[in-house]
Amino acid sequence: MAEKKQLRQIARPFVADGPSGVSIRDRLKGLTPEDEKVLRAVGEHMGRLASLDLARRCRDGLDHSADTWAARKRDLTAASSSRWAGSVTSNTHDQWGLSRRAQHQHLQSLDAGIRTLRHRLSLPIGEKGSRGKPGGYRSRHEWFHKTRRLAILEEQYERVRAEREAGKVSVVRGGRRLLKQRHNLTDPQKTPAQWRGEWEAARWFLTADGESGKRYGNETIRVTPDGEISIKLPAPLADLANARHGRYVLAARVAFPHRGGEWRDRIEANRAVAYRIHLDVSRDRWYLDASWTRKDLPVIPLDSLRAGGVIGVDTNADHLAAWLLDEHGNPTGAPRRFDYDLTGTADHRDAQLRHALTRLLHWARDCGVQAIAIEDLDFTDSKTREKHGRRKRFRQLISGIPTGKLRARLLSMCAEAGISVIAVDPAYTSMWGAEHWQKPLTATRRPASRHAAASVAIGRRSLGLRIRRRTAPPPHHQSDGVGHRTAQARTGDRGSEGNRPRVPGPRTRSADAGRGEKAEDQNAQDRSGRSAEHVQLMLSL
């Protein structure tokens with residue numbers, strides 16, 4: 001008899017944390033040629049200082065300390081101002097930390113690929129794999145090329161590990177993808193002049209951190225409640241000022257149509273607001289981004305979110321499958337499907353995802369639920385060719401599921417709609433949903449898909465219920481004539497042979513209130529297989 005597969009431990013559902021910050025954007029309309037000239041000059045000057053500071057931070061490596069940070073800031077202050085220097089060093093610290101975390105993830109990916117290759121190379125050629133474990137390679141030719149692949153990964157792993165131990169990271173101001181486009185401008189269909197414009201604009205630095213207690217929450221880039229924008233120019237560019245105290249006032253004004261009231265309340269209370277000015281070279285438009293952090297957000301207990309039911313959502317490469325469940329875990333109504341197309345440009349993909357989530361949230365608001373249940377997906381270790389071999393289409397399918405972007409976008413949109421997100425363990429949801437729910441939910445005119453059944457499984461897990469449907473009741477004659485009764489208590493269940501509960505009032509004319517004298521004496525009852533029956537049979541002999 002084959003050994004039964006051991007299921008892994010299922011993690012408990014939890015309420016996902018909402019977004020920690022807010023970012024809004026408005027276009028700078030009506031800029032004069034002099035305004036653009038000043039913005040370009042400030043961006044180029046501060047971008048040059050930011051590049052020098054980042055290179056210095058990378059050279060420090062693991063020797064970085066508060067003293068080295070203070071020394072870098074002092075050197076930048078002489079060429080700009082103390083507030084500009086603080087924004088530059090803070091941004092440099094964030095860039096270095098992000099690259100450090102990405103380096104760690106790359107090291108883990110290389111290690112996973114090496115372990116998979118070693119396992120498959122150790123197996124005989126042609127050996128089939130078991131569930132969850134890949135088998136051997138199909139030919140000697142493939143086996144030989146995988147040995148070469150293993151050698152390459154081992155060399156990369158040792159190089160990356162040595163760089164991490166030495167504190168060395170690779171950072172590109174402006175983006176590595178844009179940097180590599182310079183070697184092949186045919187694919188993005190750009191001219192060298194267009195690429196140069198995007199590259200220079202991406203390396204500008206026009207970011208100012210906010211300060212609570214200061215006027216309108218920011219002294220470097222100040223925006224008044226009526227939308228006037230003024231910039232504190234760096235010391236070498238002070239001759240370009242058109243206002244007092246070395247400031248330059250732009251002709252454009254902003255209003256922030258989205259969340260403008262919340263932004264205005266913050267700056268009128270002199271609370272910190274960070275600003276960033278940037279240029280979209282392809283459209284030749286200037287934009288101003290305002291951002292701030294959100295603290296002390298209310299946390300709703302999980303039991304309160306379950307009271308009104310949830311909507312279970314199954315994430316797929318081209319759509320979201322959703323189903324409404326009541327507080328008892330019963331699917332109600334019809335399943336919903338929200339399609340999106342993740343091909344094309346990044347803006348098109350983001351718009352498609354945002355449109356699908358908007359329709360989902362509108363439906364959730366109409367249903368009156370307080371929470372949406374979604375899988376806590378992470379395919380970091382499941383997209384490598386070392387794990388799935390020739391299954392290229394399967395790897396592309398997994399890579400196409402927008403796990404990270406969808407989670408971030410869903411959390412931010414749900415926070416604005418007043419709906420919480422419950423994250424559940426994704427283990428076995430598709431398999432058990434299809435096994436227990438797909439067939440019962442399929443009607444003549446409404447077939448239930450595997451993804452819709454998985455959404456029911458996700459919703460039930462978020463409610464703290466088992467994915468399995470309710471067991472069938474016993475037969476009408478209360479016996480085992482048609483097989484074992486599925487609703488019967490198992491022998492190991494506590495209380496299956498316990499006492500009957502006390503019922504107030506007289507039950508029979510011959511017994512007092514409560515229970516009979518021999519209610520617990522099972523041998524005295526008329527039941528087959530008891531010792532009383534055996535004694536009667538022996539006496540009849």
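## Charges and rings in a predicted model

A positive surface patch is formed by R27, K29, R283 and R285. This is a predicted model, in which local features need pLDDT of at least 70 and side-chain atom pairs count only at pLDDT 80 or more, while totals for chains, interfaces and linings use all residues. Residues are numbered from 1 along each chain as its sequence is written, and side-chain values use heavy atoms, with hydrogens and water left out.

**The positive patch**

- Patch members have over 30% relative accessible area and no salt bridge; like charges are joined within 9 Å, and nonpolar side chains (Val, Leu, Ile, Met, Phe, Trp, Tyr) within 5 Å.
- Lys and Arg count as positive and Asp and Glu as negative, with His and the chain ends not counted.
- One of the patch residues, R285, has its place in strand 8 (residues 285–293); strands are DSSP runs of E with at least two residues, helices are runs of H or I with at least four, and both are numbered from the N terminus.
- R285 counts as partly exposed because its relative accessibility is 30%; buried means under 20% relative accessible area, exposed over 50%, and partly exposed in between (1.4 Å probe, protein chains only).

**Aromatic pairs**

- Rings of Phe, Tyr and Trp (its six-membered ring) pair if their centres lie within 6.5 Å; planes under 30 degrees apart count as stacked, over 60 as edge-to-face and the rest as tilted.
- W195 and W199 are separated by about one helical turn because they sit four residues apart in helix 6 (residues 192–202).
- W195 is buried, with a relative accessible area of 4%, and W199 also counts as buried, at 11% relative accessibility.
- The rings of W204 and W286 have their centres 6.0 Å apart and their planes at 10°, so this pair is stacked.
- Distant parts of the chain are linked by this pair: W204 is in the loop between helix 6 and strand 3 (207–208), and W286 is in strand 8, 82 residues apart.
- W204 and W286 are both buried.

**Salt bridges**

- Side chains of opposite charge can pair when their charged atoms come close.
- A salt bridge here is a side-chain nitrogen of Lys or Arg within 4 Å of a carboxyl oxygen of Asp or Glu.
- R115 and D111 meet in a salt bridge at 3.0 Å, N to O, and both lie in helix 3 (residues 82–122), four residues apart, about one turn of the helix.
- D111 counts as partly exposed, at 29% relative accessibility.
- E198 and K190 form a salt bridge at 2.7 Å, N to O, and E198 is partly exposed with a relative accessible area of 22%.
- D339 forms a salt bridge with R337, with the closest N and O atoms 2.6 Å apart.
- D339 counts as partly exposed at 40% relative accessibility, and R337 counts as partly exposed at 46%.
- R259, E262, R294 and E416 are linked in a network of salt bridges.

**A spot in strand 6**

- V249 has its place in strand 6 (residues 247–253) and is partly exposed, with a relative accessible area of 23%.

Terms used:
Accessible areas come from the Shrake-Rupley method with a 1.4 Å probe; for residues, only the protein chains shown count as cover. The place of a charge is taken as NZ of Lys, CZ of Arg, CG of Asp or CD of Glu.
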